[in-house]
Amino acid sequence: MLRGDDTRVDVLDLTSDERAAEALFMGLRLREGVDVVRLRERYGIDARVRYGEALTWHVRAGLIELGDRRWALTPRGRLLANDVMAVFV
């Protein structure tokens, strides 16, 4: 390979919705969770409107806390994160 060659194999162009879902997916894996106000500013997506209803069961099950500004998985939710993350796929 020559110096300066592009080494990428696959490049995926994501829509704004897909980038927002990815940011939620990755950010919720962090203990501090996701700043949904910043998410709206960056991607133009209101997470509460888009995903709030789909997350109702997870909130009632004690897996995720949906604050006005920050969403975060609970300790139990971190153990079952894949179940919560399915909402964003």
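These are my notebook entries on what I looked up in the structure above.

**Ground rules**

I am working with a predicted model, where local features need pLDDT of at least 70 and side-chain atom pairs count only at pLDDT 80 or more, while totals for chains, interfaces and linings use all residues. I number residues from 1 along each chain as its sequence is written, and my side-chain values use heavy atoms, with hydrogens and water left out.

**Entry 1: salt bridges**

I started with charged pairs. How many salt bridges does a search of the whole structure find? It finds 2. I count a salt bridge when a side-chain nitrogen of Lys or Arg is within 4 Å of a carboxyl oxygen of Asp or Glu.

One of them joins the side chains of Asp-17 and Arg-50, at 3.2 Å from N to O. This pair links distant parts of the chain: Asp-17 is in helix H1 (residues 16–27) and Arg-50 is in helix H3 (residues 47–51), 33 residues apart. My helices (H or I, at least four residues) and strands (E, at least two) are DSSP runs, numbered from the N terminus.

Next I checked how covered the two partners are. I call a residue buried under 20% relative accessible area, exposed over 50% and partly exposed in between, using a 1.4 Å probe and protein chains only. Asp-17 is partly exposed because its relative accessibility is 35%. Arg-50 is partly exposed too, with a relative accessible area of 40%.

I then went to Asp-35 and Arg-69, which form a salt bridge with their closest N and O atoms 2.9 Å apart. This pair also links distant parts of the chain: Asp-35 is in strand S1 (residues 34–35), and Arg-69 is in the loop between strand S2 (64–66) and strand S3 (70–73), 34 residues apart. Is Asp-35 buried or exposed? Asp-35 has 16% relative accessibility, so I wrote it down as buried. Arg-69, at 45%, counts as partly exposed.

**Entry 2: helix H1**

I looked along H1 and found 12 residues reaching 16 Å from the first C-alpha to the last, close to the 16 Å expected at 1.5 Å a residue. The expected span is 1.5 Å times one less than the number of residues.

Which residues of H1 are buried? I found Ala-20, Ala-21, Leu-24 and Gly-27. They lie on the same side of H1 because they cover an arc of only 140° around the axis. I take that arc from the directions from the helix axis to the C-beta atoms. Their cover includes S1, helix H2 (36–43), H3 and S3.

**Entry 3: helix H2**

**Entry 4: rings**

My search of the whole structure for aromatic pairs gave 1. Tyr-51 and Phe-88 form this pair edge-to-face, with 4.8 Å centre to centre and 80° between the planes. Tyr-51 is in helix H3 and Phe-88 is in the segment after helix H6 (81–85), so the pair ties together parts that are 37 residues apart in sequence. Rings of Phe, Tyr and Trp (its six-membered ring) pair if their centres lie within 6.5 Å, and planes under 30 degrees apart count as stacked, over 60 as edge-to-face and the rest as tilted. Both Tyr-51 and Phe-88 are buried.

I also looked up Phe-25, which is in helix H1. Its relative accessible area is 24%, so Phe-25 is partly exposed. The charged end of Arg-29 sits over the Phe-25 ring, 5.0 Å from its centre. For this I need NZ of Lys or CZ of Arg within 6 Å of the ring centre and within 35 degrees of the ring normal. The C-alpha atoms of Phe-25 and Phe-88 are separated by 6.8 Å, although the two residues are 63 apart along the chain.

**Entry 5: two buried residues**

I finished with His-58, in helix H4 (residues 56–60), and Thr-74, in the loop between S3 and helix H5 (75–79). His-58 is buried at 9% relative accessible area, and Thr-74 is buried at 9%.

What does His-58 touch, not counting residues up to four places away in sequence? I found Leu-63, Ile-64, Asp-83, Val-84 and Val-87. With neighbours within four places in sequence left aside, Thr-74 is in contact with Gly-62, Leu-63, Ile-64 and Glu-65. Contact here means heavy atoms within 4.5 Å.
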